[in-house]
Amino acid sequence: MTGEQLLFLIVGAVTLLSGLMVVTSRNLIHAALWLVATLFGVAIVYTLLNAGFIAVVQVVVYIGAIAILFIFAVMLTRKEMRDQGAQANSNWWAGALVAAGTFAGLFFLLQGWSGFSKTAAAIPSGYDAIGQLGDALTSPAGYVLPFEVASVLLLAALVGAVYLAFNKK
Amino acid sequence: MNFWNDPLKVAADWLMGIFTGWGMNAVAAQVLVAFLGVLMLITILMVLDIFLVWIERKVVARFQDRIGPNRVGPFGLIQPFADIIKLIIKEDTTPADADKVVYNIAPLLSMMSVLILWAVVPLAPVILGVDLNAGILFIIAAGSIGTLSIIMAGWSSNNKFSVIGAFRQVAVMVSFEIPMLATLLIPTIFSGSMGMNAIIQGQSIWYVLLSPLAALIFLIAAIAELGRAPFDLAEGESELVSGYNIEYSGMKFGMFYAGELLHAFTFGGFWSILFFGGYRFFGLELVSPFLAIAVILFKAMVGYWVIMWVKYTMMRIRIDQMLAFNWKFLTPVAFVLVMVTALMNALLRGAPGWLFVSGMILSNIIVAWAALEIVRSVSKKERERIEGPKRVVEAHH
Amino acid sequence: MNEWLYVGLFFIVGLIIPAGAITAGWLFGPKKPNPVKQSTYECGIEPVGEGWVQFKAQYYIFALVFLVFDVETVFLFPWAVRLGGLGLFAVLEGIVFILILIAGLVYTWRKGMLEWA
């Protein structure tokens with residue numbers, strides 16, 4: 001086993017464990033902080049894949065924006081600082097069943113795919129991943145339309161969020 | 001190759017020789033050498049941080065027409081060490097209702113979010129730290145962790161003031177992240193890379209000359225990110241006493257305080273890297289890496305001094321003013337500037353150097369002037385709406 | 001060696017050194033807690049109620065607007081990296097992208113969501 005594999009196993013285990021803590025911890029802020037740990041673990045997995053840009057974006061967007069948004073939402077909606085209610089209702093087993101089913105389905109599907117058991121070729125050193133991404137997003141032969149549509153989608157998200165918040169007033 | 005030309009490589013090779021000589025495996029030895037290098041850099045930073053306390057106190061004293069610390073040691077140089085001894089032997093109180101674990105992690109994360117910034121700082125052409133290809137975004141990513149530490153500190157203290165302070169501070173930090181991201185796009189456009197070293201290497205002409213407005217917006221956003229005056233409404237001594245860190249004492253408070261100072265110095269450094277050529281100074285950096293380090297530290301110190309100058313000159317603004325300033329003025333201006341810069345960069349490609357520079361400066365001046373004119377006319381309208389149209393003063397009496 | 005390993009070392013050392021400093025404070029400082037010392041600070045008067053205040057929903061709105069802008073700006077970085085080598089077409093593409101973004105800001109502004117009151 002190489003050092004990188006060992007690191008991956010440790011990070012994967014910690015990520016899964018913090019994911020479990022997100023759904024089981026009784027305090028909502030703690031759950032949000034465990035979520036941050038989970039997201040950070042995913043960022044480390046990206047760095048192990050040599051996807052540095054994606055890892056940094058993961059931290060900027062998910063920890064810097066989405067986790068903060070979650071914490072704000074929890075703090076705004078709760079009546080007390082320390083909410084100690086149960087995190088799961090009586091239907092938790094149905095959720096667990098769906099999760100297990102999804103995992104089994106994905107596992108079954110991926111087993112048939114040849115790339116699943118193959119080690120991907122290492123990225124050559126000096127490979128300009130961000131530049132390639134930039135080319136793909138801007139060249140007319142690439143993903144120009146999805147790039148612009150992403151902007152429209154985000155605009156729609158913003159308008160939707162503003163509409164919802166505005167109506168509540 | 002000798003020590004004078006490439007000290008880091010020479011030292012690393014020497015250590016590698018020792019460790020492998022002990023029969024250590026090559027990869028483990030390499031990791032150990034890297035670990036020692038990081039440990040050394042961070043230790044130096046912490047020592048520097050101690051002197052930043054002295055510098056900050058001396059500078060604020062001069063701004064306020066005082067002398068500042070001058071009793072302990074020559075020029076009061078020993079003062080920060082006395083401060084540290086005081087912080088260490090202070091009782092570390094924890095509020096009874098605090099969330100102990102989160103409360104204790106927050107100061108660690110706060111300091112860490114500043115220290116990791118130095119991972120991407122190129123100190124000299126041969127001492128690059130880590131030349132990440134997403135180096136610029138790493139600043140924002142580290143800032144995200146800082147934001148998180150503040151909200152953790154504020155929430156876990158279980159104190160009204162600290163929660164309000166944390167909310168305000170986080171609102172400031174996230175809001176000003178947008179103009180900061182937008183201005184980070186501008187050095188990226190000029191250099192064609194997000195790596196810190198490529199940005200420095202691209203600055204045969206300092207980017208501040210190509211885009212002075214971007215440098216200014218970056219400085220404003222950085223000051224807000226630091227939570228310094230005029231954006232220090234998280235502290236708000238008169239209302240919130242100290243904001244998110246109100247319940248912290250002893251060394252835990254010291255971590256927040258030292259983190260703030262080092263953060264300001266670090267952002268002075270990033271300002272110089274992105275817009276003032278980093279370690280480059282008329283070829284001095286090629287003479288020796290030690291001179292390059294001296295150049296970048298000097299530039300960072302100048303940036304830090306500007307940040308202090310702003311802090312001790314400006315009044316604190318209210319949160320509504322701060323958010324309006326960011327979202328209604330700074331963000332639109334920053335994005336317009338990005339568009340104009342991208343367009344000018346494409347139009348002036350291949351133009352001679354003087355034309356490129358003057359075209360860029362001119363476009364910056366036009367954007368700044370137009371923005372100020374629009375703000376002036378809007379605020380005039382607003383004033384008239386509130387006060388009624390200006391009456392003509394009659395001159396009979 | 002993976003460059004991120006160095007960054008990881010920075011994270012680790014960046015945690016160890018502050019932890020060491022705080023431990024020193026814990027070792028050398030007195031530990032004499034009492035209920036008054038451990039009560040939360042409130043301008044030197046007795047704390048009123050619990051450490052909880054109702055927040056303005058406005059904080060949440062700003063966080064939402066921030067999130068959308070954050071994601072959009074991150075999209076622009078690969079574009080900016082390649083800008084030097086691409087033609088006017090790519091520049092205009094990015095400008096359209098930013099204009100759509102600004103349209104969102106104008107909408108939010110018009111709806112009065114950027115007002116603090």
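Trainee: What percentage of the 169 residues of chain A count as buried?
Mentor: Keep in mind that we're looking at a predicted model. To count as buried, a residue needs 20 or more other C-beta atoms within 10 Å of its own. Of the 169 residues in chain A, the share that gets there is 25%.

Trainee: How many helices and how many strands does chain A have?
Mentor: Walk along chain A from the N terminus and you read α-α-α-α-α-α. So the secondary structure, with helices and strands taken as DSSP runs, comes to six helices and zero strands.

Trainee: Is chain A more spread out than a compact globule, or less?
Mentor: Its C-alpha trace spans about 55 × 45 × 30 Å along the principal axes. For 169 residues the globule rule gives 15 Å, but the radius of gyration of chain A is 20 Å, well over that, so chain A is more spread out than a compact globule.

Trainee: Which element gives the largest share of the side of chain C that touches chain B?
Mentor: The contact takes 58 residues from chain C and 69 residues from chain B. On the chain C side, the elements giving two or more residues are α1 (3-28), α2 (35-38), α3 (58-82) and α4 (88-110). The largest share is 18 residues, and it comes from α1(C).

Trainee: Where in chain C is confidence lowest?
Mentor: Chain C has a mean pLDDT of 80, with 86% of its residues at 70 or more. Confidence is highest in α1(C), at 87, while the lowest mean, 72, belongs to α2(C).

Key
Residues are numbered from 1 along each chain as its sequence is written. Chains are lettered from A and ligands numbered from 1 in the order in which they are written. This is a predicted model: local features need pLDDT of at least 70, side-chain atom pairs count only at pLDDT 80 or more; totals for chains, interfaces and linings use all residues. Two residues are in contact if their C-beta atoms, placed from the backbone, lie within 7 Å. Helices (H or I, at least four residues) and strands (E, at least two) are DSSP runs, numbered from the N terminus. pLDDT is the predictor's confidence in each residue, from 0 to 100. The radius of gyration is taken over C-alpha atoms; the globule rule is 2.2 Å times the number of residues to the power 0.38. A residue is buried if 20 or more other C-beta atoms lie within 10 Å of its own, exposed if 12 or fewer, and partly exposed in between; C-beta atoms are placed from the backbone.
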